[in-house]
Amino acid sequence: MGGIMRLGHIDLNVLDIEKSREYYTNIMGMVVVREDSDGTLYLKCWDEWDKYSLVLRPSDEATFNTAAYKVESDEDIDDLKAKIEAYGVETEILPEGEVAECGRTLKFTAPSGHIFHLYAYKTFVGKDVGDTNPRPWPFEGKGIKAHWIDHTLLMCEGPEKVMAGTKFFQEVLGFKLAEQVTVGPEGSLQAATWLARTSTPHDIAFVAGPHTGMHHFAYFLDGWNDILRAADVMAMHNVKIDVTPQRHGITRGETIYFFDPSGHRLETFAGLGYLVQPDMPTITWTEEELWRGIFYHTGAEDGAFTTAYTLSAYK
Amino acid sequence: MKHNILVRDKSRNHTCHEDKSLMDGLNVYENLVPKGCHNGACGVCKIHILNGEYSKSKMNRRYISQEDEDKNIVLACKVFPKTDMEIEFLPKPKILSALEKKVYILGN
Ligand code: FES
């Protein structure tokens, strides 16, 4: 198929790098694979084969920098550069190594207002279980032993930006619109969208809010039992849980929302939801059933779920 | 050790343990504290400390400038009481917000 394959990494600014190191290694079960002299940490999950899926930069701000997606081949970079520019969005090529351990990288600000990176190469490390006669999971390791980075949900300034970002991701980057929440006269506005390049319900989502930022990023777990165990691990370590184990109507995912030591919201997302294929009809949720879509069991809004989140760094 | 925290804008008190941030200590009462990220990223817990001794961890400069911090304007989730305190919550700062009133927020 070519083009974008999946979410590769999330890049964040954090307030206390040592607290973050503790948290992501002991609770999430990730491993620090690289440390720069400025204190920047790069972390990896056991079930990921590329070098890292999370970048944490020591900072005076708790903000969101970029989401980076991996494309299949180096030609995809040139291909997408041409397509993105033809759409009227400026791009920049960052030379090999400017994004750590990555080949040349295409950088642009999408119509949603967020900065994205696309790269075709990242240093290969391999899964902890290897690729010859592998065990199903590593006996070693700590905490909830997250499998891999799954998706991110980004906040946009109002439905116009949600729609502009969604259109761009569909038409230029080749994402499939799996689900949407529509509002306004005859549901003419998209207030939230879930888009996929893999066969899972989302690799990215956009939601309308007051500011440009990041609502959460998610790591994959197998199923309900792992979700419950993860919540237990969090409670044992006083992790601030935002939403206790729940089912999403949208994506059918099984979830916990919780915060890292800088207040960035994370999700553990379990289950593969359903199979997304190019001919699958888009699922629509109406304004009235919006909260049923988000929290399937309670069907109700939960506190500051759509208003408390991390702002983009470059705005 | 526990201290008494008077939330002036709510005219309510609640005790808060020294080991807990004001946000965590007061959070059991939903109507005393706005719900937020509990760790510094979202800015909903901005308070003015009117009285009392406290320790604090690093503030998110997106929401609290050095000048604010010097005037005892801080994030409640980053403040730990050392004595009885008096505080008041401040409205969430408007950062980009010419837009805020005009923009649809999911669910509002
Ligand atoms: S609760 Fe989010 S900054 Fe304090």
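**Entries on pockets, interface and salt bridges**

I began with the largest pocket and sorted its lining by class, which gave 12 nonpolar, 12 polar and 9 charged residues. I note at the outset that this is a predicted model, and I read every value below with that in mind. The space in this largest pocket comes to about 920 Å³, and 33 residues line it, with A:His237, A:Asn238, A:Val239, B:Asp24 and B:Asn39 lying nearest its centre. When I asked which elements give two or more residues to this lining, I found α1 (17-26) and α4 (224-236) of chain A, together with β2 (12-17) and α1 (22-26) of chain B.

I then turned to the contact between the chains, which takes 44 residues from chain A and 28 residues from chain B. The area buried between chain A and chain B is about 2,900 Å², and carbon and sulfur atoms give 59% of that area. On the side of chain A that touches chain B, the elements giving two or more residues are α3 (158-171), β10 (176-183), β11 (189-196), β12 (204-209), α5 (290-294) and β18 (310-311) of chain A. The residues on that side of chain A divide into 21 nonpolar, 14 polar and 9 charged.

How many salt bridges does the rule find across the interface of chain A and chain B? I wrote down 3 salt bridges for this interface, and I looked up the one in which the side chains of A:Asp60 and B:Lys58 meet, at 3.6 Å from N to O.

Next I searched the whole structure for cavities of 30 Å³ or more, and the search finds 1. The largest cavity holds about 150 Å³ of space, and of the 18 residues that line it the closest to its centre are A:Leu153, A:Trp194, A:Tyr257, A:Ile294 and A:Phe305. I see that β9 (149-157), β13 (213-221) and α5 of chain A each supply at least two residues of this lining, and that β9(A) gives the most, with 3 residues. By class, the lining of the largest cavity has 9 nonpolar, 8 polar and 1 charged residues.

Last, I took the salt bridges over all chains, of which the search of the whole structure finds 24. I looked up the pair A:Arg21 and A:Glu18, whose side chains meet in a salt bridge at 2.9 Å from N to O. A:Arg21 and A:Glu18 are separated by about one helical turn, because they are 3 residues apart in helix α1 of chain A.

Methods
Residues numbered from 1 in each chain as written. Chains lettered and ligands numbered in written order. Predicted model: local features only at pLDDT ≥ 70, side-chain atom pairs only at ≥ 80, totals over all residues. Heavy atoms only, no water. Contact = heavy atoms within 4.5 Å. Buried area = accessible area lost by both parts, 1.4 Å probe. Salt bridge = Lys/Arg side-chain N within 4 Å of Asp/Glu carboxyl O. Helix = DSSP H or I, 4+ residues; strand = E, 2+ residues; numbered from the N terminus. Nonpolar A, V, L, I, M, F, W, Y, C, P; charged D, E, K, R; others polar. 1 Å grid on protein atoms, 1.4 Å probe; cavity = no way out; pocket = protein on both sides within 12 Å on 5 of 7 lines; lining within 4 Å. Points joined across faces, edges and corners; volume = space filled by probe spheres on them.
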